[in-house]
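Hi,

Here is the structure I promised to pass on.

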Amino acid sequence: MYTAVLPNMRRNQTLPPPHPLLQQALDWLAEPADDDPLLDLVPLRKHLAAIGSLQIPVLHRLKIDELLQQRAERIDQALIPLLLDVKLPLPVSLGTVAHSLIGLRAELGETWLRIAGEADPRDLARVSRSRPQICLQGINNLARQFMAVQVVAIPTPMNFWRNCQALYHSAHESVDPDSTLPAEIPAIDNKVKVMLALTAAQPEGLTPREIVFLAEYLELHAGLTRIDPMAPETPGDWYWLDQSLDQPPVPLERIKPSGGQCLYIRFGELAAEAARHLDQLNDGIPPRTLGLPLQAAGADYRNALERARQFWAAPRRRSFNRRSQSLPVEVCTQLSSIWTALKGESEPGPTASVCELTYSDWTLLNEGPSGYAIVHIVGAVVGIVPGCAVGLRTGAGAAWQICLVRWARSRSSSHVELGLEVISPSAKPVRIQAIGTRNPEPPVPALLLPAMPSINRSESILAGRGNYNAWPFTLLQEHESQLQVAEFIPQRTLIETSSIEVFEFVRNRSAS
């Protein structure tokens with residue numbers, strides 16, 4: 001049994017034993033940590049809530065929370081790797097654990113924010129702590145919460161941005177402007193800048209691996225982000241954050257703040273640095289030479305960095321108004337399902353019935369000249385990730401439009417929203433086979449997209465991500481029970497994501 005001993009009393013005089021809830025937490029902390037860090041989630045949240053309900057002096061609470069914090073640090077390291085390759089909707093069991101981690105980090109962030117507001121600086125000094133140190137603990141938890149939120153593609157939880165700003169301002173206001181800044185202030189600034197820059201890059205359009213890569217890049221270079229309490233003379237590429245509002249940074253050119261205390265943010269220097277790194281990477285300079293993560297050598301990660309650079313350089317403005325809708329639509333959420341559906345439609349008779357379960361029912365929320373926003377209603381949905389291709393039609397008999405998933409959100413394992421860009425009004429199922437390679441692969445399913453002269457696009461091939469656009473290939477197409485075979489040479493690449501590639505082609509005349 002743990003007892004607390006007062007320093008000024010005789011050794012044989014002790015306080016009453018701790019509250020049973022506190023004793024349970026202390027006993028749990030005294031036990032060796034479980035080999036599986038994820039098993040700590042439930043008891044950790046239980047003990048954190050129990051201790052929060054007790055009237056424990058701030059300094060005593062501080063010591064206990066630091067011990068609980070240590071047990072929390074291992075959890076992200078175990079969970080985030082499990083989320084890197086999952087696709088939406090998230091499996092129920094994994095989604096439950098991820099949401100629990102997000103809740104834990106939110107609770108720890110609020111705990112440190114409360115301590116920062118209640119603790120007397122002189123009391124903190126007696127235990128070798130300071131308010132910036134307390135605020136850094138809180139920001140670290142919010143940063144971990146933020147990463148988990150982005151990877152599982154859910155909206156930022158309530159009070160996240162308000163708490164983040166409160167910790168930022170509390171840390172800065174506790175520092176004497178005439179004294180040397182403690183090391184915690186730059187650390188807090190960098191954590192906040194990483195979250196701001198990642199938000200501006202619109203991570204809902206990135207895969208989990210691309211998000212983690214971009215976060216690692218920003219850990220090194222987010223310091224180039226500018227934060228200013230004074231409003232700029234012109235909107236330009238500035239964003240703003242209102243301390244009284246629980247919302248992410250807003251482009252100043254799009255909406256002006258209503259007059260509250262704001263921070264103004266600009267990513268121009270960060271965008272310039274990203275452009276310089278992209279030029280060097282495209283020239284073949286190894287990432288390690290530039291101090292970048294090894295993944296930066298991959299095309300997918302360079303594409304993600306380029307996408308972020310564009311957002312940092314100039315916040316995008318909506319060119320067209322989107323019309324609200326409430327129209328049922330059918331969606332194929334996998335490339336193989338689209339191919340199967342199109343193949344079935346091209347074969348009259350009973351064979352077409354194999355496609356009955358290849359699509360699910362969705363509702364069209366709004367539409368614009370370039371695409372749609374849709375929400376899932378019923379039916380099996382698997383394999384969704386930003387950058388994948390889906391097929392959409394407005395009813396039986398309508399043509400399958402081929403769309404690119406520009407962004408994806410999932411509030412739960414049963415809720416998915418997608419933003420789609422239409423890349424073709426129709427498609428034909430074909431098979432392609434690369435020729436001239438050392439290890440020939442069998443023909444693979446692909447989609448033949450029609451020419452679109454209005455946007456200067458020739459006939460093109462949509463295939464799963466591979467090297468199909470790097471070699472001459474044979475195209476196999478069935479037409480009226482006949483198999484047509486022709487050789488083609490890849491030309492301009494139109495779209496390249498971690499899931500698909502779309503490229504134009506020309507007939508190989510030398511093979512005729």
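Val430 stands opposite Ala446 in β12, in a stretch where strand β11 (residues 428-434) and strand β12 (residues 444-449) pair in the antiparallel sense over five bridges. Strands here are DSSP runs of E with at least two residues, helices are runs of H or I with at least four residues, and both are numbered from the N terminus. Two strands count as paired if DSSP finds at least two bridges between them.

Before I go on, two housekeeping notes. This is a predicted model, so local features need pLDDT of at least 70 and side-chain atom pairs count only at pLDDT 80 or more, while totals for chains, interfaces and linings use all residues. Residues are numbered from 1 along each chain as its sequence is written, and side-chain values use heavy atoms, with hydrogens and water left out.

Back to the strands. Ile432 has a bridge partner on β12, namely Val444, and another on β14, namely Leu475. Strand β14 (residues 473-479) runs antiparallel to β11, joined to it by four bridges. On β12, Leu448 stands opposite Ile461 in β13; three bridges join β12 to that strand (residues 460-464), again antiparallel. The loop between β12 and β13 holds Asn456, which has a positive phi of about 60° although it is not a glycine. Asn456 is exposed, with a relative accessible area of 61%. For that label, exposed means over 50% relative accessible area, buried under 20% and partly exposed in between, with a 1.4 Å probe and protein chains only.

There is also an open sheet of four strands, in the order β1-β4-β2-β3, with antiparallel pairing. Its edge strands are β1 (226-228) and β3 (250-251), each of which pairs on one side only. Strand β2 (residues 238-242) pairs with β3 over two bridges, in the antiparallel sense, and Tyr239 has Pro251 in β3 as its bridge partner.

Searching the whole structure gives four cavities of 30 Å³ or more. A cavity is a set of points, on a 1 Å grid over the protein atoms alone, where a 1.4 Å probe fits but cannot get out; lining residues have an atom within 4 Å of a point. Grid points are joined across faces, edges and corners, and a volume is the space filled by probe spheres set on the points.

The largest cavity holds about 100 Å³ of space. Of the 15 residues that line the largest cavity, Leu88, Val151, Ala153, Pro208 and Pro386 are the closest to its centre. Helices α6 (131-151) and α9 (208-221) each supply at least two residues of that lining. By class, the lining has twelve nonpolar, one polar and two charged residues. In this scheme Ala, Val, Leu, Ile, Met, Phe, Trp, Tyr, Cys and Pro are nonpolar, Asp, Glu, Lys and Arg are charged, and the others, Gly among them, are polar.

The second largest cavity has a volume of about 40 Å³. Leu88 is in its lining too, along with residues including His99, Ile154 and Arg411. Both α4 (92-118) and β9 (401-412) supply at least two residues of this lining, and β9 gives the largest share, three residues. The classes come out as four nonpolar, five polar and one charged.

Leu88 turns up in the backbone geometry as well: the peptide bond from Leu88 to Pro89 is cis, with omega near -5°. Pro89 lies in the loop between α3 (58-83) and α4. Another backbone point is Gln202, whose phi is near 55°, a positive value in a residue other than glycine. Gln202 lies in the loop between α8 (184-200) and α9 and is partly exposed, at 32% relative accessible area.

What about disulfides, and how many are there? The search of the whole structure finds zero, taking a disulfide as a pair of cysteine sulfur atoms within 2.5 Å. Cys332 is buried, at 0% relative accessibility. Cys403 is buried as well, with a relative accessible area of 0%.

Finally, Pro20 is found in helix α1 (residues 20-30) and counts as exposed, at 52% relative accessibility. Pro20 and Ala50 are 30 residues apart in sequence, and 9.9 Å apart in space, C-alpha to C-alpha.

Cheers

Key:
On a 1 Å grid over the protein atoms alone, a cavity is a set of points where a 1.4 Å probe fits but cannot get out, and a pocket is an open set with protein on both sides within 12 Å along at least five of seven lines; lining residues have an atom within 4 Å of a point.
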